[in-house]
Amino acid sequence: SKAEMGHTCRGTINLATANITVEDSCNFIISNGGAQTYHLKASSEVERQRWVTALELAKAKAVKMLEESDDSGDESVSQTDKTELQNTLRILSSKVEDLSTCNDLIAKHGTALQRSLSELEALRLPPDSTDKIKQVNERATLFRITSNAMINVSAHPEHSTSVGKAPTSMLSTVSPQACRDFMLLAQTHGKKWQKSLQQERDQRIRLEETLEQLAKQHNHLERAFRGATVLPASTSGSGGSGKDLCCPAKGDLSDEDDDNNEFFDAPEIFPMPDMMGHKRTGSNISGTSSDISLDEQYKHQVEDTKKEKRTRIPYKPNYSLNLWSIMKNCIGKELSKIPMPVNFNEPLSMLQRLTEDLEYHELLDRAARCESSLEQLCYVAAFTVSSYSTTVFRTSKPFNPLLGETFELDRLEESGYRSLCEQVSHHPPAAAHHADSKNGWTLRQEIKITSKFRGKYLSIMPLGTIHCVFHSSGNHYTWKKVTTTVHNIIVGKLWIDQSGEIEIVNHKTGDKCILKFVPYSYFSRDVARKVTGEVMDPSGKVHFVLLGTWDEKMDCYKVQLGPGDNGAEARPRAHEAEDSRVLLWKRNPLPKHAENMYYFSELALTLNEPEERVAPTDSRLRPDQRLMESGRWDEANVEKQRLEEKQRLSRKRREAEAARATEDGKAGLSHRAVPPPRGPPPALTPLCPPGTPYDPYKPLWFERKKDPVTQELAHVYKGGYWESKEKQDWSLCPDIF
């Protein structure tokens, strides 16, 4: 009912992000891509279509409102806003009085002018003079009417006359009535707006208090439950597939400090900000004492890890933070623009997280050896799915890279590949990645991460195209990433889901693979985190069926077409043909005690390991990240603020230099005295979105070009990094740390 519209109903689905699908003649489904799905049945097909049409229209309106709210922000009405509104109304009222005075003056002087002209007409003058006087009289009348229109006044209908007659009574009866009506309307509606906005503000405060209280009660209940029940310890590997109403995780771990009475929104696993406390044990203490400098620690680690890669990092310390106090102001906003403490992070940057896509690089090595392009596509699809396996327990946010920050991973001797990432833009944040393998493949991508916190869930949307090229065959594959959704942000056990479709296209042969990441549903009988796929030729004929989960493994079944069969009939039989099954990929087990080390994989544990001869912009040298890994979070927060302020000052300096260069160009000054930038001059549009100041930053190792295959503008590697490393010539690197 209308009375209930002011409250938040239970079990709501946000239409702006809802999926509306028709099941059959009378049934349709509404889902939010996660745990909430409504199966609705109408009385007839006509009734169903009426509902679907109405919901689609409402969804379009909700999306539009959401975009407008994102632009306008989420500001509350304050006393200052009310005062400003009242001041504006007073100014408007004063201006209306001024208009009224001007109207009276125009009427007075217009009457005098009309009287003088009438007296001139009454005189006995030559015929030519009489015609001139009439012409002036008409022009005076037009001037009077135009003046009245200018100040937006209205005449009474009974006094309307023709232009030729224009009696003076018209001037005496006009008034700034329209302006007064406007002022009255503004004042009336202004009070209504104030009241409505205040109600919205009060309702929001009540909702925040209710959610916080609910989360506290939930937290106390979980503590009481753990105090009364001995829970079996979970392992870091894969667990059972039993379902949980709060979290469909196959293995869940909880390490909340029982002695800490401070409120936590997410005591189990938090998607983005992993800030729950872990109980300290004897091995939980960082080996670095506070009196050892960061540089000495770094050098010591370099000397100890020259030969073999490390297999552990200092355990995550037990630091607490009131999550809701920070996240409640982030609802509906882009999180990359909101500064967060390191308590939200894991000790890796987004560049290192992007490099983790290569953890199962051997899939591309196998694909490079395939003679059949369709078989090769199966391995590329498995590699695509494998990049999500590290996210199932990784609930912390990586560090946002600084502009110009780089990360190299040289595994040429051990694994046959080497990789380079660079942060090429800050707003919007974008990272470029290039990897070459001596086993016959090249992988490159430019990824922009956008994230929105919606109060109940967090959506992470990677934008950009991934390219994989095989050297011997020339096969060029492209695909995009799916959306990651983190559920139960405020209350309940948090869990991560991947949903959407990936289309992998071989641009040389036309082969295609469609991967479907099935969103989790508690009422579904399917296994959680299910992924299905079909590999087809350019004609659409299916040759292979893929089946598995994005956190465990992927199998491949060859489709055997019998006489009279088509692809649709052969696909179910392919699942039954166990003899044709091929295991494409299986997730490696997590290291021992991974739950105390941010759930890092074996590769992730080595990514922030100190190395010699890297560029001075490498993520391993980032001081706040190094301090956090060492367990010195308070110092890391201070250092993080210093680096962010330094980055802001650098951006302002570049903008000022660009503005001066523009002014010099307008003045006709020559720029030949300015040394040319490194590399060819870019003839491309800036990355900055419309309405933002142009930041004339140019990446050092990547340049923006139009891709000949996809026709998209993207940053591609232009070379020079490994040569500079060989010479140890880093003179062109910016000072970002």
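**Terms and values**

Mentor: Let us begin with S724, which is found in helix α15 (residues 721–727). Helices (H or I, at least four residues) and strands (E, at least two) are DSSP runs, numbered from the N terminus. The model is predicted: local features need pLDDT of at least 70, side-chain atom pairs count only at pLDDT 80 or more, and totals for chains, interfaces and linings use all residues. Residues are numbered from 1 along each chain as its sequence is written, and side-chain values use heavy atoms, with hydrogens and water left out.

Trainee: Why is S724 called buried?

Mentor: Buried means under 20% relative accessible area, exposed over 50%, and partly exposed in between (1.4 Å probe, protein chains only). S724 has a relative accessible area of 10%, so the residue counts as buried.

Trainee: What makes V136 partly exposed?

Mentor: The relative accessibility of V136 is 44%, and therefore the residue counts as partly exposed. V136 is found in helix α3 (residues 127–150).

Trainee: Which polar atom lies 2.9 Å from the side chain of S724?

Mentor: That atom is the backbone oxygen of G720, 2.9 Å from a polar atom of the S724 side chain. A polar contact is a pair of N or O atoms within 3.5 Å; within protein, one must be able to donate a hydrogen and the other to accept it, and residues adjacent in sequence count only if both atoms are side-chain atoms.

Trainee: Which residues is S724 in contact with, leaving aside its neighbours within four places in sequence?

Mentor: They are W701, D729 and W730, where contact means heavy atoms within 4.5 Å.

Trainee: Why is α10 described as largely enclosed by the rest of the structure?

Mentor: Because 12 of its 14 residues are buried, α10 is largely enclosed. Among the buried residues are L374, Y379 and F383.

Trainee: How do you know that the length of α10 is close to the expected one?

Mentor: The expected span of a helix is 1.5 Å times one less than its number of residues. Helix α10 (residues 373–386) has 14 residues and reaches 20 Å from its first C-alpha to its last, close to the 20 Å expected.

Trainee: What caps the N-terminal end of α10?

Mentor: The cap is S372, with a side-chain oxygen 3.3 Å from the backbone nitrogen of L374.

Trainee: What share of the whole chain is buried?

Mentor: Of the 737 residues, 46% count as buried. The chain has 15 helices and 21 strands.
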